[in-house]
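Work through the exercises below with the model open. Each task is followed by a solution in steps.

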Amino acid sequence: MSIPLSFKGRVAIVTGAGGGLGRGYALLFAQKGASVVVNDLGGDYTGGGKSRMADKVVDEIHTAGGIAVANYDSVEDGDKIVNTAVKNFGRVDIVVNNAGILRDKSFLKMTNDDWDMIQRVHLRGSFMVTRAAWSHMRKQQFGRIIMTSSASGIYGNFGQANYSAAKNGLVGLSHTLAKEGGKYNIHCNVVAPVAGSRMTATVMPEDVMKFLDPLLVAPLVVYLCHESCNETGGLFETAGGWSAQLRNQRTIGYAKRDLTVEDVANNWDKITDFSKNEIPSSGGGTTVAAMERVKASEVTM
Ligand code: NAD
């Protein structure tokens, strides 16, 4: 039997936790002993309006004997959300950037406002909350951060140019924070969940909605935030009780010092041949690979 993982003494902020996936994270953190800031602006799924939907989740946590406070600020005001944690609980250990909205439109019909709203809530919002928490985490030499991406951000999806750009941006942001945070014991990982929520209710059949219970995504997210979890810079897909890690893969490619357009055309099969491949993990590795392979090509000419 495994030892239960405790979050006693830890303070977790979950953004957009008034419903859906965020509610599941907040409930599980609280059940495991963390003090939780349940943040939610309480708008509709396109970002319109405001309400105190976070209160319901705080009540659920209190009823179950847990510790939580509500916060109704937008993630764009990240410092206010972090202040709620510090004022009520004296610290912030965990940030789960989960708040999100949709403004789906085909690329041709996408307005500046559709684009900007999505970048502001997902990408800038995650930046604002995380940056406000960062100095606290650095000082205490402990932090666990989750960014929420999406299959759309990884693979692209029709009608979601704005959303997929923001969701892929969060992967880049997380990779950098994992590198910058490493020596301060600040870890940052990305989850790309699928779940039945109000966000997916219009596109998912009812039986699939039921199968993809948002509560089943919470164990992966909560584990990634535990002090015993060493994972950082990771990207995970998760849905309905399934969790898996995703990583980059690169072909060996084709190298030639005085490369021409025709060389590229004539060697396209080599450039795109994944039968021999490698798993890169840093930008520095790209430079080294290029230099080594170009030099090797000169020797074998
Ligand atoms: P949801 O609509 O139930 O939850 C999102 C919550 O964020 C809402 O409660 C909303 O009020 C809140 N919110 C929106 N803008 C906010 C702001 N500016 N500040 C604070 N709170 C704000 O949807 P969900 O499915 O639970 O989505 C949670 C996250 O997971 C989102 O980032 C979403 O993009 C991502 N996601 C969900 C799925 C899925 O299948 N449900 C798939 C991929 C990614």
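**Exercise 1.** Does Arg124 count as buried, exposed or partly exposed, and why?

*Solution.* This is a predicted model, in which local features need pLDDT of at least 70, side-chain atom pairs count only at pLDDT 80 or more, and totals for chains, interfaces and linings use all residues. Residues are numbered from 1 along each chain as its sequence is written.

Step 1. Set the cut-offs: with C-beta atoms placed from the backbone, a residue is buried if 20 or more other C-beta atoms lie within 10 Å of its own, exposed if 12 or fewer, and partly exposed in between.

Step 2. Arg124 has 17 C-beta neighbours inside 10 Å, so Arg124 counts as partly exposed.

Step 3. Helices (H or I, at least four residues) and strands (E, at least two) are DSSP runs, numbered from the N terminus.

Step 4. Leaving out residues up to four places away in sequence, Arg124 touches Glu76 and Gln119; contact means C-beta atoms, placed from the backbone, within 7 Å.

**Exercise 2.** Describe how H4 packs with H6.

*Solution.* Step 1. H4 (residues 112–140) and H6 (residues 161–181) pack at an angle of about 20°, their axes 8 Å apart. Axes are lines fitted to C-alpha atoms, for helices over the stretch in contact, and angles run from 0 to 180 degrees between N-to-C directions.

Step 1. That angle makes H4 roughly parallel to H6 (under 35 degrees; over 145 is roughly antiparallel, 65 to 115 roughly perpendicular, the rest oblique).

Step 2. Residues of H4 in the contact include Trp115, Ile118 and Phe127, while those of H6 include Tyr163, Leu170 and Leu177.

Step 3. By class, the contact of H4 with H6 has nine nonpolar, six polar and two charged residues. Ala, Val, Leu, Ile, Met, Phe, Trp, Tyr, Cys and Pro count as nonpolar, Asp, Glu, Lys and Arg as charged, and the others, Gly among them, as polar.

**Exercise 3.** Which residues come nearest to the ligand?

*Solution.* Step 1. Of the 32 residues around the ligand, the nearest are Gly16, Gly20, Ala99, Gly100 and Ser197; a residue is near if its C-beta atom, placed from the backbone, lies within 6 Å.

Step 1. Helix H1 (20–31), H4 and strand S6 (186–194) each give two or more residues to this shell. H1 supplies the largest share, three residues.

Step 2. By class, the shell has twelve nonpolar, 18 polar and two charged residues.

How values were computed. Two residues are in contact if their C-beta atoms, placed from the backbone, lie within 7 Å.
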